[in-house]
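Please find below a short note for your review.

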Amino acid sequence: METKVPTGSAENKGKKTRFSSQLWFIWLCLLPVIILVLTFTYYPVVKGITLAFQDYNLMNVKNVKFIGLDNFRTIFHDNQFITALKNSLKWVFYSLIAQFVLGFILALVLNKPFKGRGVYQGLVFYSWALSGFLIGLIFKWLYNSQIGVVNDLLLRSGIIKERIGFLSDPHWAMFSVISANVWYGIAFFAIMLLAALQSIPGELFEAADIDGAGWMRKLINVIIPYIMPTIITTTLLRVIWIFSDPTLIYSMTNGGPAGMTNIVSSFMLSKVFGNGEYGLGSAVGIVMMVMLMLYTLFYLFATKSEKAGDF
């Protein structure tokens, strides 16, 4: 007597086998990415947090020991860190305001059709493709007190009578690096805001024209409310990037003169690569992380709006 195997059971086993093999294939494809993320993202974060509570100096690696919160006490009693913290606030505030205003104006201009607009857009957006370190080197040459173009133009035009040490004079150094950062960030706001402007339906402007709205009323009542979500997102990201990116400072002044242009991130680099104090540098990094997390939570809570973009 023959025994028949239910066909339904065989089909279910086949489906399970295929699903299991597909699942293994998916995990196999994801494995390299998971390893890279764990190695180059999460491991450095965990290691940095660990180092923040240790006396880890590159010149004395054989005497590494746990010291609790001593690194944090040291940096908060360091006048250079307090100066870097104040400079960071100026650096972010003035850079962000100027970048946003000029970028918004540029986006409004580029949103209007004119001859050669595509070429001009490419030239404007090209600056965003350059590295911050390279831009810093370019502006370092422009502001050079001996061979810089800026000094040469000011002298030839009669505005100044003697050369100015834009990067060596404490009164000018912070202004110089902020101006370079403003030039660097204008393109970002122009790109993002232009994309938002081009997404505004034309019917809104037609309705505004019927109501007799002028350009200023359109800007306040139509344009800004509609692109508000983009403004919120771009300003949030830009503050984080400006605060945490030391490349311009590092390439232009390296924090000088006498630490007058140091921001928190460049101060951290000076501790790590200048003095080999990895413990103190990690503590500064933890402070930066906490500050950015608190800022992000506060900013998102303060700018939360259910009507943004709705009409």
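**Notes on salt bridges and annotated spans**

1. Lysine 271 is buried, its relative accessible area being 11%. This value, like those that follow, comes from a predicted model. The side chain of lysine 271 forms a salt bridge with glutamate 277, with an N to O distance of 3.7 Å. Glutamate 277 counts as partly exposed, at 22% relative accessibility; the cut-off for buried is under 20%.

2. Lysine 218 and aspartate 209 form another salt bridge, in which the closest N and O atoms are 2.4 Å apart. Lysine 218 counts as buried because its relative accessibility is 17%, under the 20% limit. Aspartate 209, by contrast, is partly exposed, with a relative accessible area of 44%.

3. Aspartate 70 and arginine 73 are joined by a salt bridge of 2.7 Å, N to O. Both residues belong to helix H2 (residues 70–76), where they are 3 residues apart, about one turn of the helix. Arginine 73 is partly exposed at 47% relative accessibility, and aspartate 70 is partly exposed at 36%.

4. In total, the structure holds 5 salt bridges.

5. An unreviewed UniProt entry places the feature "transmembrane region" at several spans, including residues 123–143 and 219–243. Residues 219–243 are 100% helix and 0% strand, with end C-alpha atoms 30 Å apart.

How values were computed: Residues numbered from 1 in each chain as written. Predicted model: local features only at pLDDT ≥ 70, side-chain atom pairs only at ≥ 80, totals over all residues. Heavy atoms only, no water. UniProt positions renumbered as here; feature names shortened; annotations may be inferred. Helix = DSSP H or I, 4+ residues; strand = E, 2+ residues; numbered from the N terminus. Salt bridge = Lys/Arg side-chain N within 4 Å of Asp/Glu carboxyl O. Buried < 20%, exposed > 50% of the residue type's maximum accessible area, 1.4 Å probe, protein only.
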